[in-house]
Amino acid sequence: MTTSSDSWRTAIASALNILKTEKGLDAPDIDAASIVFEIPPKPELGDYAFPMFPFAKAFRSAPPAIAARVGEILGEKALATGLGSAVAAGPYLNVRIEKLSVVETTLRSVKAAGNSWGRGTALAGQKIMVEFSGPNTNKPLHLGHLRNDALGVSISRVLAAAGAEVRKVNIINNRGIHICKSMLAYMKFANGTTPESEGIKGDRFVGNFYVKFHEYAQKNPGAEAEAQELMRKWESGDPETIELWKKMNGWTIAGINVTYKRTGVSFEKAYFESDTYLKGREEVMKGLESGAFYREEDGSVWVDLAEIGLDKKVLLRKDGTSLYVTQDIGTAIYRHNDWAFNRMVYVVASEQQYHFKVLFHILSKLGYEWAKNLYHLSYGMVNLPEGKMKSREGTVVDADDLLDGLRDLAKEEILSKGRELDVGDIDETAEKIALGALHYYLLQATPTKDMLFNPKESLSFTGDTGPYLQYMGARIVSILRKWDELEPGKRGRFRPELLTGPEEWELVKMVASFPDKIAEAYREMNPAVIAAFLYDLAKLFSRYYHDNPIINNLDADLNATRLELTQAVMQSLKNGLELINVPFLEKM
RNA sequence: GAGAGAUUAGCUCAUCUGGAUAGAGCGACGGCCUCCGAAGCCGUAGGUAGGCGGUUCGAAUCCGCUAUCUCUCACCA
C-alpha cells in the first residue's frame with residue numbers, strides 16, 4: 001500500500017511538471033515527496049485522493065482545472081501504467097490502485113507473518129524503558145492505576161511491535177508518611193491479625209488500617225505527630241519498625257501482584273523507593289560542584305529554573321534530606337546505569353506535568369545526554385459520573401471490586417444466552433470478557449484527556465466495546481472451525497481475483513494498513529489508535545459476513561478465497577487485541 | 001496571581017500534519033433469526049464544534065480575545 005502511494009506521488013509529480021512546462025512557468029520542479037495524499041471520504045471515490053489546492057497559486061489556475069489536466073496527462077503519457085487509474089473529481093485527483101496484486105500480497109504477508117503480522121522495524125535497535133503503575137504499599141490498586149496499567153502495558157507492546165527492545169519497570173512507593181500511618185494503625189488496632197488470619201487480600205488488609213488511621217486521627221489531634229515519630233524511627237533504622245514495615249509491605253505487594261496477574265500486567269524489574277530515595281543526593285552534590293545548582297544561606301540547595309521559564313526549586317533541605325524530585329533524579333540515573341536505555345517513558349498522571357518538566361530539565365542540566373529522550377506519557381484523570389474519586393468520601397473505585405463486578409456481569413450474560421456449555425470454562429471466559437471490557441474502555445479514549453468512567457457503560461457489552469471485538473473474533477474462529485471440519489476435497493482453491501466486492505476491497509485495504517496503525521500509535525504514543533482501528537475492522541467485517549456467506553457458497557473456490565480474507569481479518573484482530581491487552585477468545 | 005489542559009449530537013467519545021456532506025457507540029424510534037452464534041445486522045431522528053474576531057482558496061483543527069471547568073505552581077509524594 002505504501003509503495004503504491006509512493007509510485008502515485010512520483011507519477012503525479014511528473015504530470016504536474018509536464019503541466020508546468022506547458023504553461024511555461026519557470027518555478028522549481030515539483031518534488032514527489034511534497035505531494036500529499038489522503039483517503040477519500042467514501043470508498044466509491046477511489047483509493048487515494050490527491051488534492052490540487054497547493055498548486056493553485058504557483059500555476060495560477062483553479063484546483064479543479066489542474067486536477068482535470070493532470071488526469072489527462074497521466075492518461076496520455078501513460079504515466080500511470082500498471083498503477084491503476086486516475087480521475088479528476090473537482091479539485092481532487094482520485095486514484096484507484098491495481099487491486100489484484102495488493103490483495104494477493106496482503107493476504108500472503110498476513111499468512112506468512114502470523115502472530116507477528118503488523119510488527120515493524122522502525123524502532124529496531126532502540127532500548128526503551130517504560131515505567132508505569134507506581135503503587136503505594138499502604139492500599140490496594142484503584143481505577144486510576146487500572147488506566148495507568150492499561151496504558152503502560154499497551155504502549156510497551158506497541159513499542160515492541162515497532163521493533164524496540166522494551167523493558168517494563170515499576171516504581172514501588174513503599175516509604176513515606178502515608179506508609180507509616182497504616183503501620184501506626186496496625187500497631188494500635190490489629191491485635192496481631194494477619195491477612196491469612198482474616199482471610200482477605202494483603203493489600204486490602206493493609207488498606208483497611210490506612211482507613212482506620214484516618215478515623216483515629218479525627219478523634220485524636222496527636223495522630224499526625226505519632227505518625228511523624230514513626231517515620232523518624234523508620235529513617236533511623238529502628239529494628240522493630242523496619243520489621244513491621246517489611247511485613248506490611250510484603251502483604252500489600254503480594255496482594256497487588258495478584259491483581260497484576262489478573263490484569264495481565266508484568267514487569268521486568270521493580271524499583272523500590274526505599275532503595276532509591278537517597279541516591280539523588282550525591283547527584284545533587286555533584287551538580288552543586290559543577291555550578292548547576294546553588295546553596296542558600298540556610299544550607300538548602302536550589303535550582304534556578306529561569307531557563308525554562310519557571311521559578312526556583314529546592315533540591316535538598318537545609319538538613320540535607322531529599323525531596324520527591326531529588327529522589328527521581330537519583331532513580332533516573334540509577335536506572336540508566338542499570339540498563340542503558342535510548343529512551344524512557346514515564347506513564348504518570350497529568351497532574352505531575354510540572355514535576356516531569358522540572359525533572360527532565362535538571363537531568364539535562366546535570367549533563368546527561370539521554371535526558372532529552374525522556375518522555376512523560378501523561379494521562380488524564382478518571383472521573384465518575386458523580387465527580388472526582390475522593391478517598392475521603394470513599395468514592396474511590398477499587399480495582400478488584402470493579403473486576404469482580406464486571407466478571408459477575410459477564411457470567412450472567414453467558415448464562416442468560418445459554419452458552420455455559422459451549423464456552424468451556426465459564427469463570428475463565430467471564431474473567432476474560434471483563435478484562436476486555438475494562439481495557440478497551442480505558443484505552444479507547446485519548447490518553448491525555450480526562451475521561452469519565454461510567455460503571456454502567458463499562459459493563460455494557462454491546463456496541464463500541466471490548467466484548468464486541470472479542471465476539472467478532474469468536475465468530476470468525478467459529479467459521480474457521482467449520483472450515484476445518486469440511487472434507488478436504490470440498491475446500492476449493494484460493495483465487496484472489498474472486499474478491500471483487502467493494503467491502504472485500506475495503507477489508508483488504510484495512511488489513512493492509514495495520515502496520516501503519518502500529519506506527520501511528522507509537523509515534524503518537526496513543527493506544528487509542530489501535531482500539532479505533534480494531535473497531536472499524538470488526539464493524540466492517542461484521543457487515544461483510546452478515547451479507548456474504550464465507551464458506552456456504554456453491555463455488556468452492558469462492559469459499560476458499562473468502563476464507564483467506566477472513567483468516568487475515570482474524571489475524572489482524574488477534575494481533576491488535578494483544579496490543580491493547582484485550583484477551584482474544586475462541587469461544588464466548 | 002501565573003502556567004498547563006479541556007469544551008464537538010441528550011450522554012460517552014472519534015475526526016490522522018488545516019481539505020470533499022464533522023463520524024461512531026449508548027439512549028430513542030422502526031425493521032431483520034427455517035440462513036456460517038442476534039454480545040449481531042439494517043434504517044430514522046439528533047450538531048451554528050462554548051462565544052466573538054482573525055489568518056487562509058478552505059478552520060472542529062492555526063492565532064488572538066472571552067466564558068466555563070480541571071490540574072499544577074509545597075523545604076508533600
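Author: The model under discussion is a predicted one.

Reader: Which residues cover the two faces of S1?

Author: Tyr48 and Phe50 lie on one side of S1 (residues 48-51), with Ala49 and Pro51 on the other.

Reader: How do you know whether strand S11 is largely enclosed?

Author: One counts the buried residues of strand S11 (residues 374-379). Five of the six are buried, so the rest of the structure largely encloses S11. Strand S10 (residues 343-349) runs parallel to S11, and six bridges join the two. The bridge partner of Val347 is Leu377 in S11.

Reader: What makes S7 and S9 edge strands?

Author: These strands belong to an open sheet of three strands in the order S7-S8-S9, with antiparallel pairing. Strand S7 (294-295) and strand S9 (312-316) each pair on one side only, and are the edge strands. Four bridges link strand S8 (residues 301-304) to S9 in the antiparallel sense. One of the residues concerned is Val303, whose bridge partner in S9 is Lys313.

Reader: Why is helix H8 called oblique to helix H10?

Author: Helix H8 (residues 202-219) and helix H10 (residues 239-263) pack at an angle of about 130 degrees, with their axes 6 Å apart. That angle makes H8 oblique to H10, because an angle is roughly perpendicular from 65 to 115 degrees and roughly antiparallel over 145. In this contact, Gly202, Asp203, Phe205 and Val206 of H8 meet Met248, Trp251, Thr252, Gly255, Ile256 and Thr259 of H10. By class, the contact has five nonpolar, four polar and one charged residues.

Reader: Which residues of the largest nonpolar core touch the most other members?

Author: They are Trp8, Ile12, Leu16, Leu143 and Leu159, in a core of 116 residues. Helix H21 (residues 528-547) gives the largest share of this core, twelve residues. Among the residues that Leu159 touches, not counting those up to four places away in sequence, are Leu123, Val345 and Tyr522. A second, separate core has 32 residues, including Ala292 and Met344. In soluble globular proteins, nonpolar side chains tend to be buried together.

Reader: How many of the residues of chain A count as buried?

Author: The share is 51% of the 588 residues. Chain A has 22 helices and 13 strands.

Conventions. Residues are numbered from 1 along each chain as its sequence is written. Chains are lettered from A and ligands numbered from 1 in the order in which they are written. This is a predicted model: local features need pLDDT of at least 70, side-chain atom pairs count only at pLDDT 80 or more; totals for chains, interfaces and linings use all residues. Side-chain values use heavy atoms; hydrogens and water are left out. Axes are lines fitted to C-alpha atoms, for helices over the stretch in contact, and angles run from 0 to 180 degrees between N-to-C directions. Angles under 35 degrees count as roughly parallel, over 145 as roughly antiparallel, 65 to 115 as roughly perpendicular and the rest as oblique. Contact means heavy atoms within 4.5 Å. Ala, Val, Leu, Ile, Met, Phe, Trp, Tyr, Cys and Pro count as nonpolar, Asp, Glu, Lys and Arg as charged, and the others, Gly among them, as polar. A nonpolar core is a set of buried Ala, Val, Leu, Ile, Met, Phe, Trp, Tyr and Cys residues joined through side-chain atoms within 4.5 Å. Buried means under 20% relative accessible area, exposed over 50%, partly exposed in between (1.4 Å probe, protein chains only). Two strands pair if DSSP finds at least two bridges between them.
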